[in-house]
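Q: Can we walk through this model together? I have it open and want the main points.

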Amino acid sequence: MGVSRFAPLLVLVLLAGCESPPPPAPTPTTTTPSPTYGPPPSAGLSLSVGQVEAGLGHRASVLTLTNRDTAPRKVTGYPDLKILAGDGSPLEVKVEHGTSYFARDLGPQDLTVQPGEKVVAVLAWSATVTSGDTRTGAAIAVVPVPGEPAQKQPLDTDLGTTDTVTVSSWATEVGA
């Protein structure tokens, strides 16, 4: 009889010990707004960026340039590009021209792109980490042909500690 009289009190004591304090109030965070990148232009030479492909520590994305004009356009050589940080500022990254793990480079060519046709280039990099700080890009800025404005598109680039990307020349298809 003595135990049954204290049982409700024991249950209350046990339940009270199970209560946890309320979670702390969230602290406001300030973030730098990231730039937004509009759609590719609907006229002229229009850049689009393919998804990132990965293999054995290497990464690549196909850059596609479409002629949205009504007249043929000349495209020569290599894309002029920069890797951009999350805030849109250019990163100090070395851009090399040539063959990469993902694509053979045919060297600079003079191409005539008819209305509606496309040319491609491959942007590749290594995600190798040796020592030091790693770098990550959030976008690229590409000048398709000299004298035209840069077109900016989002592209995550995990550059490891290499700080180097390789881009192939504009071509009618990857590696051809």
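A: Start with one definition: buried means under 20% relative accessible area, exposed over 50%, and partly exposed in between (1.4 Å probe, protein chains only). By that scale D163 is partly exposed, with a relative accessible area of 26%.

Q: What kind of model is it, and how are residues numbered?
A: This is a predicted model: local features need pLDDT of at least 70, side-chain atom pairs count only at pLDDT 80 or more, and totals for chains, interfaces and linings use all residues. Residues are numbered from 1 along each chain as its sequence is written, and side-chain values use heavy atoms, with hydrogens and water left out.

Q: Back to D163. Where does it lie?
A: In the loop between strand 10 and strand 11. Helices (H or I, at least four residues) and strands (E, at least two) are DSSP runs, numbered from the N terminus. Phi of D163 is near 55 degrees, a positive value in a residue other than glycine.

Q: Is L56 buried or exposed?
A: L56 counts as exposed, because its relative accessibility is 75%.

Q: Zoom out. How many helices and strands does the protein have?
A: The count is 1 helix and 11 strands.

Q: How much of it is buried?
A: Of the 176 residues, 36% count as buried. The protein exposes about 10600 Å², and carbon and sulfur atoms supply 58% of that. These areas come from the Shrake-Rupley method with a 1.4 Å probe; for residues, only the protein chains shown count as cover.

Q: And the contacts in the protein?
A: Contact means heavy atoms within 4.5 Å. Among contacts between residues at least 6 apart in sequence, 77% join residues at least 24 apart.

Q: Which strands form the open sheet?
A: There are 3, in the order 5-9-10, with antiparallel pairing. Two strands pair if DSSP finds at least two bridges between them.

Q: Which strands stand at the edges?
A: Strand 5 (80-84) and strand 10 (151-160). Each has a single partner strand, so one side of each is left without a neighbour in the sheet.

Q: How many bridges join strand 5 to strand 9?
A: There are 5, and strand 9 covers residues 135-143. L84 stands opposite A139 there.

Q: Now strand 7. Which residues are on its covered face?
A: L111 and V113. The uncovered face has D110 and T112. Strand 7 is joined to strand 4 (residues 73-76) by 4 bridges, and the two run antiparallel. V75 has L111 as its bridge partner.

Q: Where is S169 found?
A: In the segment after strand 11 (164-167). S169 counts as buried because its relative accessibility is 2%. Leaving aside neighbours within four places in sequence, its contacts include Y78, D105, P108 and V120.

Q: Last topic. How many aromatic pairs does the structure hold?
A: The structure holds 1. Y101 and F102 form it, edge-to-face, at 5.3 Å centre to centre and 80 degrees between the planes. Rings of Phe, Tyr and Trp (its six-membered ring) pair if their centres lie within 6.5 Å; planes under 30 degrees apart count as stacked, over 60 as edge-to-face and the rest as tilted. Y101 is partly exposed at 46%, and F102 is partly exposed at 30%.
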